[in-house]
Amino acid sequence: MAAAGVVSGKIIYEQEGVYIHSSCGKTNDQDSLISGILRVLEKDAEVIVDWRPLDDALDSSSILYARKDSSSVVEWTQAPKERGHRGSEHLNSYEAEWDMVNTVSFKRKPHTNGDAPSHRNEKSKWSFLFSLTDLKSIKQNKEGMGWSYLVFCLKDDVVLPALHFHQGDSKLLIESLEKYVVLCESPQDKRTFLVNCQNKSLSQSFENLLDEPAYGLIQAGLLDRRKLLWAIHHWKKIKKDPYTATMIGFSKVTNYIFDSLRGSDPSTHHRPPSEMADFLSDAIPGLKINQQEEPGFEVITRIDLGERPIVQRREPVSLEEWTKNIDSEGRILNVDNMKQMIFRGGLSHALRKQAWKFLLGYFPWDSTKEERTQLQKQKTDEYFRMKLQWKSVSQEQEKRNSRLRDYRSLIEKDVNRTDRTNKFYEGQDNPGLILLHDILMTYCMYDFDLGYVQGMSDLLSPLLYVMENEVDAFWCFASYMDQMHQNFEEQMQGMKTQLIQLSTLLRLLDSGFCSYLESQDSGYLYFCFRWLLIRFKREFSFLDILRLWEVMWTELPCKNFHLLLCCAILESEKQQIMEKHYGFNEILKHINELSMKIDVEDILCKAEAISLQMVKCKELPQAVCEILGLQDSDVTTPDSDVDEEENVGMTPFPTSAFQSNALPTLAASGVRGDSPTQTSASSDGCRLTPA
């Protein structure tokens, strides 16, 4: 400690008139008010919270501490003056200054010779300090209880005395602490802030990258705490609009993290990909991308995929073509052929309102017009019953339903910034915005466990724009969310799986590009996060998204076609990234700036060509076959010895649909059976697994 007795360091926050209410020394158990100074200080990459009585503010002997080997129940006591020189040395040591007070009870130190404690000593015993890394939670007072107070709980479940702010608001302290730690409300108690917590909201899921594993690296000396804490503070600003700010913000934040990881030694600026993989896989548990050969993993070596075919797209399916494929009762006559035409050219806009209901599964493909009319009546009744549930909640009820209140608040915030440049949603009091709000609120009743997560409004907006009907838009959205559900779940399992699969596909297509990305700490492809999360919604123009989504909804030509779209975009940008030697931040910035500059038809052609190239490959790795829904890499040819029984039930593609390159049919469910039937492809083809 400093000679004057005050903990030295940069003062981040200081407040006088912060009291501890103690009943000691008073009759009738009336509180004794002990006035003190509360400080938050930064010293040697540590952040310290320090409170002491005003009388002791300049006296280091009053600091209470627990030795490293103390039990969890200790006494809070001054260092005895009888310890003389040794006590003075210890009080000025690192151990005394930085130990947390790990007490769970307050005991008054016995006094020898019957001496009563002085008033000064009585106050001194309440002094405490602790490192911010030891903080578990902060509890605040109920509203309307006079002056505010805070209670700090440490990670060993030590509860410190309540600090009452008689001369100011405690909010300034909270704001100061939020510069160094992530705080969020406890789901069990709205008065409690948890430190470094995770939340269901996707907007907070980005913080998982900077959670406990990063603190472990700090304690191991691998990360500079100040840089990381700045990064976390900056990340909290980004989460307010994670979809427009993800790339630029992530670039700025991770720059600090990676600079800290690399250190100042130029020789460490190119970290081994495996070391970076360990850090990121710890940061997002469950994300495992194989960087080297390990038992149980299939190592994808360089494979000759053969020549990539040239693909051309057709004109959008017209209303006339659609009508010709409907019988007198309203059934679609040739579903497979219709899907192929939609995949190859998309739909004319006049047809979308009708066709999207089939593509999304709202209408069964084999239903008659009368059956669809009955279904719409049934779904209309069901929708308005759910809508009535949240509409009928009174303000008093909502005060006691924090989850519904939080959903509503988040929806209102997001709706007001969703596609506002589109004429359908622009201007104040726009009826389109009201419908967006009502559909999202009703979805919370439909799936209350998931509720609303930021990004879902992006998925709904094009559906409502096309349907121009509240009920139809809702059920199409519910069907789309069935596909996208895992992207928005708390554990982000869908996102983890897709990033791993994308890495596998990209490595097969261009191992050299993958190696370059890994050398720039970009092998985990986090810059594709937004693409996958909301299916390219922010990357293409509004009208291009309508085209892209309807093509993907055909589920052709293989499973996970959207991952091949990612590969096609990355391949298009490979030359610039590598020739200009882009580093981590430059890659993120470049990918982010592609938004609204990508040609949707060009990328669809490239992605389809990649799929055809892989289908023709005779040595496709099993991992890739599984991702794309291919049976295996052994080719079935017309000359193969296959019994007719094995081919029963298959509906092959007409050769004209894919320029004489036959592709087997993939079931709409996309689920691989345990004993699948197979179909013969062209002599160079690979097989897909029907359901």
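Student: Where does W356 fall, buried or exposed, and what is its relative accessible area?
Tutor: Buried means under 20% relative accessible area, exposed over 50%, partly exposed in between (1.4 Å probe, protein chains only). W356 counts as buried, and its relative accessible area is 0%.

Student: What pLDDT do local features need in this predicted model?
Tutor: Residues are numbered from 1 along each chain as its sequence is written, and side-chain values use heavy atoms, leaving out hydrogens and water. In this predicted model, totals for chains, interfaces and linings use all residues, side-chain atom pairs count only at pLDDT 80 or more, and local features need pLDDT (the predictor's confidence in each residue, from 0 to 100) of at least 70.

Student: How many degrees lie between the planes of W356 and W553?
Tutor: Rings of Phe, Tyr and Trp (its six-membered ring) pair if their centres lie within 6.5 Å; planes under 30 degrees apart are stacked, over 60 edge-to-face, the rest tilted. That rule gives 27 aromatic pairs. W356 and W553 form one that is edge-to-face, with 4.8 Å from centre to centre and planes at 90 degrees.

Student: How many residues apart in sequence are the parts that this pair ties together?
Tutor: W553 is also buried, at 5% relative accessibility. W356 belongs to helix α12, while W553 sits in the loop between α22 and α23 (561-579), so the pair joins parts whose separation in sequence is 197 residues.

Student: Which helices hold Y480 and W549?
Tutor: Both residues are buried: Y480 has a relative accessible area of 1%, and W549 has 0%. Y480 and W549 make an edge-to-face pair, 5.1 Å from centre to centre with 70 degrees between the planes. The pair ties together parts 69 residues apart in sequence, so look for Y480 and W549 in helices α18 and α22 respectively.

Student: How many residues apart are R352 and E550, which meet in a salt bridge?
Tutor: A salt bridge is a side-chain nitrogen of Lys or Arg within 4 Å of a carboxyl oxygen of Asp or Glu, and that rule counts 32 of them. The side chains of R352 and E550 are joined this way at 2.8 Å, N to O. This links R352 in helix α12 to E550 in helix α22, distant parts of the chain separated by 198 residues.

Student: Are R352 and E550 buried or exposed?
Tutor: R352 and E550 also belong to a network of salt bridges with R313, R547 and E601. Both R352 and E550 are buried.

Student: In which elements do K136 and D157 lie?
Tutor: The side chains of K136 and D157 form a salt bridge at 2.7 Å, N to O. The two are 21 residues apart: K136 is in strand β5 (residues 135-140), and D157 in the loop between β6 (148-154) and β7 (163-165).

Student: How far apart in helical turns are K399 and E396?
Tutor: K399 and E396 form a salt bridge, with their closest N and O atoms 3.3 Å apart. K399 is exposed at 56% relative accessibility, whereas E396 is partly exposed at 45%. The two residues lie three places apart in helix α14 (residues 395-399), so their separation is about one helical turn.

Student: Which helix has the highest mean pLDDT among the elements?
Tutor: The protein chain has an average pLDDT of 73, with 63% of the residues scoring at least 70. Among the elements, helix α2 (residues 94-98) has the lowest mean, 31, and the highest mean, 98, belongs to α22.

Student: How many contacts beyond four places in sequence does the model have for residues 633-691?
Tutor: Where pLDDT is low, the predicted coordinates should not be read in detail. In residues 633-691 pLDDT stays under 50, and the number of such contacts in the model is 124.

Key: Helices (H or I, at least four residues) and strands (E, at least two) are DSSP runs, numbered from the N terminus. Contact means heavy atoms within 4.5 Å.
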